[in-house]
Amino acid sequence: MSGQPYLSTADLAMFFDTHHDGITDDLLNFAAHWSPREYSDDWLATRDAVKQLSANKVSDLCIPERYHGRPVNNPVDIDARAITLARECMGYLDGLLDCAFAMQGLGSYPISLAGNEDQKSRYLPGFISGERIGAFALTEPKAGSDVGSLKMKAKQDKNGDYLLTGQKTYISNAGVASQYIVFANANPRKKSRGITAFIVEPNDNGVKIDPFEVMAPHPIGTLTLRKTRVPATRRLGEEGEGFKIAMQTLNTFRLSVAGAALGMARRALDEATKHAMEREQFGGPLFEQQQIAAMLADSATELDAARLLVYRAAYLRDMRDIFGSDAAKEVAMAKLYATESASKIIDRCVQIHGGLGVKKGSVPERLYREVRALRIYEGASEIQRVVIARQMQKDYEFVKSLEEG
Ligand SMILES: Cc1cc2nc3c(=O)[nH]c(=O)nc-3n(C[C@H](O)[C@H](O)[C@H](O)COP(=O)(O)OP(=O)(O)OC[C@H]3O[C@@H](n4cnc5c(N)ncnc54)[C@H](O)[C@@H]3O)c2cc1C
C-alpha cells in the first residue's frame, strides 16, 4: 500500500483532461522504477536523481514544448498541473528526489523565459538529457522574503562584461549545479527595477561555494561572488528585467511546492493507516481506538481539501490566458493550506507510530524533517497570507467601485 504514490486524477476530473492521464502513467512508471540508493553525500544523490529523472523522461515536464520539452495541451508553455502532479509523486517517494526535480525547473525556466536562441540551445538540451543540473540564486543574507532589496551588484566594465560582487545564501544545489541563475542589481538607484539576471558558471573567476546542512537531505549552500566576470552574452534578458524573470519563474513553480506537500502528506497517511491497522494494543488494532481513528479521519479530510485547492489553482494557472487572471490568490491559498496541513498530517503520523515515529531512519521521522522547509521556501506561509489578504482588499475595492457605478 505505501510503496506507490496515489496519483489518480479521476476524483478531480473537472481540473484535468486526458492529456494528463498519459503524464500520470509516466509518473507511476517512474515511481515503479525509482531506486533510492545509499550515498556518501547529498550531491552524489542529486546527480543520480537527475539522471534517473532524465532516463525516465520526467525532466522534460519542466521545459516548454518549443525547446523539445513535454507537449502541453493548454494555452501556456509549462503545464502547472503536470509539474504539480510530478512533485506529488516525488514528494511521496523521496524529499531529495523532489528537490532535484524542482531545481531542474527553477534552474532552467529563466532561460526558457528570457534567454536568447544561443543561450537556449547551449543550456536547455542538457536539462532534458540530465547533463545539466540547475540552481536559482535569489536569496541573500539580508534579503529573504523581501527579495526586491537584494544587494548583489553587477557593474559593467568598458568591454561590456559584468563584474558581479555579493553573496547568495540558501541556494539549493550549490556545489552540484552546472550553472547558477544569479540575480544582481546593475543599477541600484533604480532599486528592484535595476535587478538583472545572469548565468554564472561554477568555474568563473571569484566564485566560492560554502555548503551547509539543513535538517533534511538537501544539497544547499552559500554562493559568494567577488568581481566575477560574466560576459554580456550570459545576461538573461535586458538590464532591469531580472525581478520580473524571478517572479515569473516563482509564480510558475510555487504551486508545485504544494504538490510536494500533498505527496509527503499522502505518504504519511498511508504509513499511519497501515500502522494503525496492523499494530495491536489493548487487544486490538490501534485503528479501533477512537482517538487514533479521529486523527486519521481528520488527516484524510485535510489531504482531500488540500488536493482540491491545489489542482483548482493549477487548472486556473494553466488557463490564465483564457480567464485573464494569474490566479495569485488561489495559488497562495493552495501553497499555504497544503504545506501547513501536510505538517499537521505528518505530525499525527509520527504520533500514531509512537516511539517508532521518532526513530532515526523510520519513514515518519524522515517525512517530519523533509516537510518543514516547504512552509518557508518560495514564499513563507506568512507571505502567502499577505498575498491572499491583498487580493481580498482589491476584490473588495472592485466590487465597491461597481456598486458605486
Ligand atoms: C531548504 C531551503 C531551500 C532554499 N532554496 C533556495 C534557492 O534555491 N534559491 C533561493 O534563492 N532561495 C532559496 N531558499 C531561501 C528561501 O526562499 C527563503 O528562506 C525564504 O524566502 C524566506 O527568507 P528568509 O529565510 O530570509 O526569512 P525572512 O524573510 O527573514 O523571514 C523570517 C520570518 O519572518 C516572516 N516574515 C517576513 N516578512 C514578513 C511580513 N511582511 N509579514 C509577516 N511575516 C513576515 C517570514 O514568513 C518568516 O517566517 C531556500 C530556503 C530553504 C529553507
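1. Helix α3 (residues 80-93) packs against helix α6 (residues 242-278) at an angle of about 35°, and their axes are 7 Å apart. Helices here are DSSP runs of H or I with at least four residues, numbered from the N terminus. The axes are lines fitted to C-alpha atoms over the stretch in contact, and angles run from 0 to 180 degrees between N-to-C directions. The crossing of α3 and α6 is right-handed, that is, the near helix is turned clockwise from the far one by less than a right angle.

2. This is a predicted model, in which local features need pLDDT of at least 70, side-chain atom pairs count only at pLDDT 80 or more, and totals for chains, interfaces and linings use all residues. Residues are numbered from 1 along each chain as its sequence is written.

3. Among the α3 residues that meet α6 are I83, L85 and M90, and the α6 residues they face include L255, L262 and M264. Two residues are in contact if their C-beta atoms, placed from the backbone, lie within 7 Å. The residues of this helix contact comprise twelve nonpolar, five polar and four charged. Ala, Val, Leu, Ile, Met, Phe, Trp, Tyr, Cys and Pro count as nonpolar, Asp, Glu, Lys and Arg as charged, and the others, Gly among them, as polar.

4. The chain is divided into domain 1 (10-129), domain 2 (136-239) and domain 3 (244-403), with bounds from an automatic or database domain assignment. The C-alpha centres of domains 1 and 2 lie 24 Å apart.

5. In domain 1, 18 residues are in contact with 17 residues of domain 2. On the side of domain 1 that touches domain 2, α4 gives the most, with nine residues.

Notes. Helix = DSSP H or I, 4+ residues; strand = E, 2+ residues; numbered from the N terminus.
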